[in-house]
Amino acid sequence: MSNKTDIPGKDIRIKIRGLTKAFGPKVILNNLDLDVYAGESLVVIGGSGTGKSVLLKCILGLLRPDAGTVEINGQNIVGLNSDDMEKVRRKFGMLFQYAALFDSLTILDNVAFGLIQAHGVPKKEAHRIALEKLSAVGLGERFAAKFPAELSSGMKKRVGLARAIATTPETLFFDEPTTGLDPVMGDVIDQLIVKSVKELGATGLTITHDMDSAKRISDRIAMLYDGKITWVGPTDELEKTDNPYVHQFINGLLDGPIKVSLAHND
Amino acid sequence: MPILQPLGNLTLRFLEIVGRLSIFAGTAISHCFRPPFYPKLILKQMIEVGYYSLPVVGLTAIFTGMVLALQSYTGFARFSAESAIPNVVIVSITRELGPVLAGLMVAGRVGAAMAAEIGTMRVTEQIDALYTLATNPFKYLIAPRVIAGVLTLPLLVLVADTIGVFGGYLVSVHKLGFNPATYIKNTIDFMENLDVISGLVKAAAFGFIITLMGCYHGFHSRGGAQGVGAATTNAVVSASILILTFNYIITELFFSI
Ligand SMILES: Nc1ncnc2c1ncn2[C@@H]1O[C@H](COP(=O)(O)OP(=O)(O)OP(=O)(O)O)[C@@H](O)[C@H]1O
Ligand SMILES: [Mg+2]
């Protein structure tokens, strides 16, 4: 099993050690270790329900881990009080799997929200930036005054992305950014993620099922299985690895160590 | 002992809820006094709590005042004390019926709406989104609602008091044959500041209870639509019970001064 978590000479932006999270008797993350380097784009792949979203929420401090540490720039955020956590989160941008737009606010106000509330940007300037980000995700000015309920789920996803990158955060988290998008728009979003991470010098942590997208946007890929990172390495080594879980997952095979339970209600 | 265990579990669960609620209330209160404040959001909630509750509270108040005059007449006529009706109406409405009925009506209207709105935000991860945008939901969602509740309920109760007393006046004058001028004079002469003040103190407390219960149950809702539905029911039921409980406690406090 490959465990290339050490890249000498690079700063670690997010350092996760022994992360454990269970819901009742169900252990989702089990003693998980992972490093995300400053300036890289890391993609986490893994089957549905393996706990990818839970992992992100633990890093963001939205879920409290049962054990383990999550260090952001060397500061352990587990158990941090809400004011200190808020300071850490000002440098974060997050796209939720189901967009999680504020449905009482217009699209424009959604995108401008972080700028106005957390960064004290004047409203006019915030709206200008928001319009810019909206057009970057392919949504013109005519969408600005609409409410989330009036958009399709793919559009909501793009608004969520615009909201995540609006504050030009230091670290970006994307939970399945291309799910529910058509291939062309998926490509646009992939490019936007690469651009946000590379040009703005941000660090990206993306979760996806979409292997094509994963290969396009990642410097490194990590695979989550059974509560742990079973493989992590540079993207071009993904195909070559002899890790049976990775092999089965990226080739979409039914036979292999990953047991898919169909028609079970457990 | 098999009967002791469920009893113990029940006690533990009760204590857990009281503990969680106290922490929630403490956090909410502390954020009411710490900047940033959101005057626009507070105003919006005040309109939601106060203005849109006027019809429902007004109707409740007028019929309560009317029935109060009528019922008192039935009772007082038995020992020829009909002239005490204005006194009974003003005292009952300002001290008791105004705040309690307005509180219960607003609990049904506003408490439920808040629980549903915040509960939906919870299950659709909008609350998580607030956190990741470095905005504390206690400041942005809960404090404005609690402040609006505490400020608006007393105003609403003042209106309810006035309408309720007017309802009593209507029945007394037009049905029971009271002299209008005498009725009004008796009402004003008999009314004491403490009556109204105790009612307004109750109203502020009820405003706190209603908004806190709405926010608490919404904030802790789980699952999907079903969870939000349960949160809504729990918000209304717990607010109503707490209103009646604290109504007694506050009455008792004012009784001793
Ligand atoms: N708040 C919660 N309470 C209880 N169980 C939860 C909660 N959140 C997640 N889970 C459980 O944790 C497991 C992992 O969930 P998670 O959402 O992280 O999956 P995922 O890897 O993101 O899957 P997908 O690719 O389908 O989004 C699931 O079995 C889910 O039922
Ligand atoms: Mg997920």
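## A loop in chain B

P36(B) is placed in the loop that runs between α1 (4-32) and α2 (39-49) of chain B, where helices (H or I, at least four residues) and strands (E, at least two) are DSSP runs numbered from the N terminus. The peptide bond leading from P35(B) to P36(B) is cis, with omega near 0 degrees. Chain B as a whole has 9 helices and 0 strands, and its C-alpha atoms fill a box of roughly 65 × 55 × 35 Å along the principal axes.

## Basis of the description

This is a predicted model, in which local features need pLDDT of at least 70 and side-chain atom pairs count only at pLDDT 80 or more, while totals for chains, interfaces and linings use all residues. Residues are numbered from 1 along each chain as its sequence is written, chains are lettered from A and ligands numbered from 1 in the order in which they are written, and side-chain values use heavy atoms, with hydrogens and water left out.

Several oxygen-atom distances can be given for the ligand. A polar backbone atom of G49(A) is 2.8 Å from an oxygen atom of ligand 1, a backbone N or O atom of G51(A) lies 3.0 Å from an oxygen atom of ligand 1, and an N or O atom in the side chain of Q97(A) is 2.9 Å from an oxygen atom of ligand 1. Taken alone, ligand 1 exposes 630 Å², and the protein buries 65% of that, the accessible areas coming from the Shrake-Rupley method with a 1.4 Å probe, and for residues only the protein chains shown counting as cover.

## Where chain A meets chain B

In the interface, 23 residues of chain A are in contact (heavy atoms within 4.5 Å) with 17 residues of chain B. The area buried between the two chains is about 1800 Å², of which carbon and sulfur atoms give 56%; buried area is the accessible area (1.4 Å probe) that two parts lose on being put together, summed over both. R89(A), F102(A) and F113(A) supply 25% of the area that chain A buries against chain B, more than any other three residues.

The count between chain A and chain B is 2 salt bridges, a salt bridge being a side-chain nitrogen of Lys or Arg within 4 Å of a carboxyl oxygen of Asp or Glu. In one of them, the side chains of K57(A) and E125(B) meet at 2.4 Å, N to O. On the side of chain A that touches chain B, α2 (82-89), β6 (92-95) and α3 (107-119) of chain A each supply at least two residues, and by class this side has 12 nonpolar, 3 polar and 8 charged residues.

## Other features of chain A

Over all chains the structure holds 19 salt bridges. Among them, the side chains of R17(A) and D35(A) meet at 3.1 Å, N to O, and this pair links distant parts of the chain, with R17(A) in strand β1 (residues 12-23) and D35(A) in strand β2 of chain A, 18 residues apart.

T168(A), which lies in the loop between α5 (153-165) and β7 (171-175) of chain A, has a positive phi of about 40 degrees although it is not a glycine.

Methods. Polar contact = N/O pair within 3.5 Å; in protein donor to acceptor, adjacent residues only side chain to side chain. Nonpolar A, V, L, I, M, F, W, Y, C, P; charged D, E, K, R; others polar.
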